[in-house]
Amino acid sequence: MVRFHVVTLFPEACEAYLSASILGRARKNKKITVSYQSPRTFVDNKWGKVDERPYGGGPGMVMNALPVVKAVQKSLGKKAKKTAVVWFSPSGKQFDNKEADKLGKFTDVVLVCGRYEGIDERAKKILKTFGTLKNYAVGHATYTGGEVPALAIVDAVTRRLPDVLGKNESIEELR
């Protein structure tokens, strides 16, 4: 079983997709679990503000490092054994079936969904201490947040797990 932990400001954007069809059955049959953690839970301002101007300058706003790190920490608790922390970036390694197979070997996969112009890079340095840090791009596009890439990764990893599809031969390889 793979436990997916989605760190997102918008869990409702993910839940419908992850509860339907093959993924919903995989959850029901305990092949995967999915939990959510919002960085907003870990801010100390009354507005739930999680963004600020980038440290060192730059355009737009980035998510603060500390709430993201605390959300990852809360997601994992003390139960994590073999953990992958996934960070999304258009300049990351292109996610493919080989990478899906690699992630399927982890007991816990934390998918860190950024927003705005991304997440403060200082979070990445801290997140390396929680497990194997993977930096992925999903497709050749830039998205408004990490939720769409996170859904794609959960889907690709789950369908490759034993006994998730009707027949294991149904797993198709792109050549």
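Predicted model: local features only at pLDDT ≥ 70, side-chain atom pairs only at ≥ 80, totals over all residues.
Local features need pLDDT of at least 70, side-chain atom pairs count only at pLDDT 80 or more, and totals for chains, interfaces and linings use all residues. Residues are numbered from 1 along each chain, and side-chain values use heavy atoms, without hydrogens and water.

Start with helix α1 (residues 12–19) and helix α2 (residues 21–28). Helices here are DSSP runs of H or I with at least four residues; strands are runs of E with at least two. The two axes, lines fitted to C-alpha atoms over the stretch in contact, come within 5 Å and cross at roughly 85°. α1 and α2 are therefore roughly perpendicular (65 to 115 degrees). E15, Y17, L18 and S19 of α1 meet S21, L23, G24 and R27 of α2 (heavy atoms within 4.5 Å).

Next comes the largest pocket, with about 510 Å³ of space. A pocket is an open set of points on a 1 Å grid where a 1.4 Å probe fits, with protein on both sides within 12 Å along at least five of seven lines; lining residues have an atom within 4 Å of a point. The volume is the space filled by probe spheres set on the points. The lining counts 31 residues, and F88, S89, P90, E117 and G118 lie nearest the centre. β5 (83–94), α5 (121–127) and β7 (132–137) each supply at least two. β5 gives the most, five residues.

The structure holds one (ring centres within 6.5 Å). F95 and Y136 sit 5.1 Å apart, centre to centre, with 75° between the planes, edge-to-face (over 60 degrees).

Conventions
Axes fitted to C-alpha atoms, helices over the stretch in contact; angles between N-to-C directions. Parallel < 35°, antiparallel > 145°, perpendicular 65-115°, else oblique. Phe/Tyr/Trp six-rings, centres within 6.5 Å; stacked < 30°, edge-to-face > 60°.
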